[in-house]
Structure formats: structure tokens, C-alpha cells
Amino acid sequence: MRGRMDQTPAGTDFPHQSVTFPEGVALDCGRVLPSVTVAYRTYGSLNAGKSNAILICHALTGDQYVAEQNPETGRPGWWNSVVGPGAAIDTEKYFVICANVLGGCMGSTGPRSPHAEKPGALWGTDFPVITIDDMVRVQKRLVEHFGIGKLFAVVGGSMGGMQVLSWAVQFPEMVFAAVPIAAAYYHSAQNIAFHEIGRQAIFADPCFRNGNYWAEGVRPERGLAVARMTAHITYVSEEALTQKFGRKLQNAEGLSTLGEQFAVESYLQYQGSSFVQRFDANSYLTITKATDLFDMAAEHGGALADAFRGVKARFLLVSFSSDWLFPTAQSRAIARALNHAAVNVSFVEVQSGKGHDAFLLDEPDFHATLRGFLAGCAEHAGLA
Amino acid sequence: MSGERKIRVDLALIAGMVQPGSRVLDVGCAEGQLIEHLTQAKTCDARGIEIDMEEVQRAIAHGLPVMQGDADTELVTYPDHAFDYVILSRTLQAVEKPREVLRQMLRISTHAIVSFPNFGHWSLRLQLLTRGRMPMTAGWNRMWYETPNIHPCTIKDFFALCEMDGYVVEDWLAADEQGLRAPWRRFPRLANLFGEQGLFLLRKA
């Protein structure tokens, strides 16, 4: 934490696989991005009818490297346990697509892209405010780029689940099955509050330089690390932290106010410092704002069920019992609103002590449920 | 989904009341045997609600559309006339508000199919009469203080409720514990004495 970080900025010029749409995109905020690049990865092969595609939407700080090592960060695929040959999302059956979200820092257009209005500069904090719906509109371009008229399924956890909801509502004809996992249809005051701590930590870092840190060869590492530490607490349950660390001491000798004494402290610091190696602070600001702005009911006159009128996809909602960030009540409310709109919906809460992050971890019950749901849908879609 | 399986006899009786191609909601569907049967053998759009998480997981993992929830609280979330049939099998006696659940069933659906264990069966009456204790049988096998069956009723009671709330009994029969049809459908009084389960097909008047 206290050592200097590697100064290679996250999300620079690494040659991620990507496609650029020069016609640009109109954003919810009213501004237009004149050109949009989408970095993506695919797994498996698209069948002749182009009917076996599954789009995976990644979470806040995820990326397109779902089922393989990220070549830039060296980290293993974030959903290796769910996506792959023979896995719940079986790449021998399905063609899997995952794109880095708009505003991200892994090759898609974001705050680190060239400024459209100031030649030679980067967007930085000038990057337009984007929404979950904007992210999905850009993903739609990519899907069409593959010539796919209808996705067999759209699957995502956490912020990815918000995108799944947006897909099913914005483009009902393009989604056969939708799986929002550990998701929410709006960001609660508590969710926003935790994000705001993170943003304030970044702003307070003297290296932030109004978002123009790249030009000055520095990075707001302390601020971003604190943001990650705060967020990380919300991703795990109290039970998981207690089990992993309890009150275990890290450094029993040399008691001092400045040093860390408890194991959980150095664990959190590790989480923070490893995060700043791979993520960009301006992207973090942009994407947290996008999730904070998400409120599917408000966008449709206040009643969530009204948002779902016209939705055609079959739904599976999964929540985890110890998730307090996007608790079961959120998923249940979505399921009920879908019922009210006469949508075909399955819903289950998986018993897990791991908190919100359970969707990323080894949860056999969840994986079996997802696999079975997709198999049932494949039968209905004539894919089996 | 595996191929067609032989389903429980009492479920087969229920399935016999459902027209092919209908929209069906099975409340308390367990791991979804009836839904699967209705989907495959009768080309129904069949879904389920089940309160037990493990059963729900098994049903979904089997490819069946099932929602975890409680009949008492979940039915209100469906729109009017969403289904042709709502099925409540051996569950009415265990819900918090049976009358309200029935009302909701016939709000969201044209027909309701309801089965319940008949508390008027002679063996229960005899036990209560001779021993003076709550009866214990194969069907009623939990002590009064731990039974989930908090609202037992007889076939006669159920007829009375249907009349009071204005439901038309389109079809009914009494069956034994295994769900085999007992020959009592023409004679409610005898059915009430000898039928272990009542099975009713209702609609609104």
C-alpha cells in the first residue's frame, strides 16, 4: 500500500480485440459520442442460424475476459467457473460474447479515449455522463455487428444484471432468455452512499489533479484504493469476513496507531492496491455514476411492472441469501413485477454465506440452476 | 428435461381436469412433476410457485419455470385472468388464509383446481370419538402443535365455502390416499365419510 505502484496506467494502449463504430452513439444525457469503440471477446462458435449466442454483461469493475486470462493484467478469467467447455454456460453449445462496457478502461471507449472536442487531449472527467441503457445500446451495435438478430440469452451479475434488465426492456425482440443475477432494479440510497465515499476518496487524492492525472504522469492510487476497500466490504458478508479473519492479528508486536494490526486490515489494503494496478480512476467515477443513476421503475412512471410490459424474454432471477448489497428483496421485487406483466419468470434465492460476490465464486447450486434454466430455454428455443 | 415419466396418481387426476394447450400455474409445485407433465403431454404453458428453496432449485435446474414464493403472498402479484387454470394441490389446508387464496386463484385464473385432505373421513371421526385426541393417520401424521395443516376442512365444509363465496363446482371427486378415484362423486355425504382427499374444479359464478 505504501510502496510506489508500477506507473503503467491501467487501460492504455494495450491491443484489446475491438470494433469501432464511426457513426457514434447518442447518449441519454443528450450528448453524442461521435465514434465508439467496443472491446470484446468471444468463446465457442456461432451456429448457422446465429441462434446460439449468449451475451454476458460484466459487473462494475469486470472486463471482457470472462473465461481466459486477461492479457493486460494477467488475472484469470473472472467467470472461469461458469463459462467454458462443459460449464453451466457451455461454450461447446453456445457462442459467448462479452464486451467491455462503455466508460470502461479495458479497450472500450471511456474517459481514457481521445477527447472528441479537444484534439490531442483525453476525455478525463469531461467524458459524458453515461447510463446503463447507454452501455446496452452500445452492446447492441456489437451484437448486430455479428449479424445476430436475437440473442439466445443475456446473462449478468450485479451491474451486469442491471444491463440484462435494460436489454430485455429496451430490445424485447432481441432477447430470448434473461438472467439477472444478484441484481437490482434501482440503486438504493445506501448503494449510492457507499459509491460516494469511494468517489470522494478519489477526489481527495492530491494526485487526482481534476481527472487530468495522466497528463502529469501520476495516478490517484490512494484514493482509488480506498474506494475499492470501501466497495469490497459491501461485496462480502459479515459472516464471510468473520470466518476468514475474525479478530486475527497480523502484527502482534510493535503496537502502533499507524501500523495495521488486524488481518482484515491488510487483506483490505491488498484488495485496494491490487485494484489500482488494473483499473482507472476516471472509469471508476464514470461507471459508479451510471449505476447510481439506474432506476428502472422511475424511468417508466414509477411502477416497475410498467417497465416490463412488452418484455418477451423468459427470466431467471437468482439472489444470494447473505448478499446485503443487492439483497433478495430486490430480486423478488423484480420477479413479482415480471409476474405482474405476465412474463415467464423463475426465481430462486441460493443459500450462501459469501455475500454479493457469491455470484463470482464456486456456488454449485447456482451453477446447476443456471445450467438447467438455459437447457430448458434451449429446448423451447429449438436449440437442444 | 428428461423424457416423459409416469406421474403420481393424484397428479394424473388433476392433469385430467386440464384442457390441452392451457396456461397453468401450479401453486406448491414441489420439484415440478405436474408442470413437466402438463408441458410435455398437454402442451400447456405451465409454471409453478414453491415455497421450499431446495425444491425450487431442483425444478429450475430441471428446466422448469418455477418461482420461489408463498401462496399467501405471491398470488396477489399476478394480473387478472393471467391463467386458464391455477392448481393448489394438498396445500389449501396449510395456507394462512385459505379463503383469500381461493379468491386470488379465481381472480388470476378462469378455473381453480383444489385438492385437500378430507378431515371428515370416517377414520378421523372414529379416532376423535373413541380416543378424544386429535387423530393421527397416514395423511394426518403430525402432532397438532407441529402440523403445518392449520386449516383442516371436510368435503362438506368445502362445498359450503364454495356456495358462500359464489364458486361453481364444475367437477369434483373424492379419492383415497394414493389418489385413486373412489366411487363417491355422486354422493357428497358418502364421499365426505369415505374419501381421504377431495379434488375440485371451480370457476366463478
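View 1. With 15 other C-beta atoms within 10 Å, Lys50(A) comes out as partly exposed. The cut-offs go like this: 20 or more other C-beta atoms within 10 Å of a residue's own make it buried, 12 or fewer make it exposed, and anything in between is partly exposed, with C-beta atoms placed from the backbone. You're looking at a predicted model, where local features need pLDDT of at least 70, side-chain atom pairs count only at pLDDT 80 or more, and totals for chains, interfaces and linings use all residues. Residues are numbered from 1 along each chain as its sequence is written, while chains are lettered from A and ligands numbered from 1 in the order in which they are written. Lys50(A) sits in the loop between strand E4 (36-43) and strand E5 (53-57) of chain A. Helices (H or I, at least four residues) and strands (E, at least two) are DSSP runs, numbered from the N terminus. Though not a glycine, Lys50(A) has a positive phi of about 55 degrees. Most residues other than glycine have a negative phi.

**View 2. Thr43(B), a loop residue in chain B.** Here the loop runs between helix H2 (33-42) and strand E2 (45-50) of chain B, and Thr43(B) is in it. Thr43(B) isn't a glycine either, yet its phi is positive, at about 45 degrees. It has 11 C-beta neighbours inside 10 Å, so Thr43(B) counts as exposed.

**View 3. Leu25(B) and what it touches.** Leu25(B) belongs to strand E1 (residues 23-27) of chain B. It counts as buried because it has 26 C-beta neighbours inside 10 Å. Skipping residues up to four places away in sequence, Leu25(B) touches Arg47(B), Ile49(B), Phe83(B), Val86(B) and Ser109(B). A contact means that the C-beta atoms of two residues, placed from the backbone, lie within 7 Å. Phe83(B) is 58 residues from Leu25(B) along the chain, but their C-alpha atoms are separated by 6.8 Å.

**View 4. Strands E4 and E5 of chain B, side by side.** Strand E4 (residues 83-89) of chain B runs parallel to E5(B), joined by six bridges. For strands to count as paired, DSSP has to find at least two bridges between them. Strand E5 (residues 109-117) of chain B is mostly covered, with eight of its nine residues buried.

**View 5. Ala153(A) in the largest nonpolar core.** This core has 170 residues, and Ile54(A), Val96(A), Leu151(A) and Ala153(A) touch the most other members. A nonpolar core is a set of buried Ala, Val, Leu, Ile, Met, Phe, Trp, Tyr and Cys residues joined through C-beta atoms within 7 Å. Domain 1 (18-189 + 295-380) and domain 2 (190-291) of chain A both give residues to this core, so it lies between them. Those bounds come from an automatic or database domain assignment. Leaving out neighbours within four places in sequence, the contacts of Ala153(A) are Ile54(A), Phe176(A), Ala177(A), Val179(A), Leu374(A) and Cys377(A).

**View 6. Where chain A meets chain B.** Chain A brings 23 residues to the contact, and chain B brings 18. On the chain A side, strand E11 (314-320), helix H9 (328-340), strand E12 (345-350) and helix H10 (364-380) each supply at least two residues. H10(A) gives the most, with nine.
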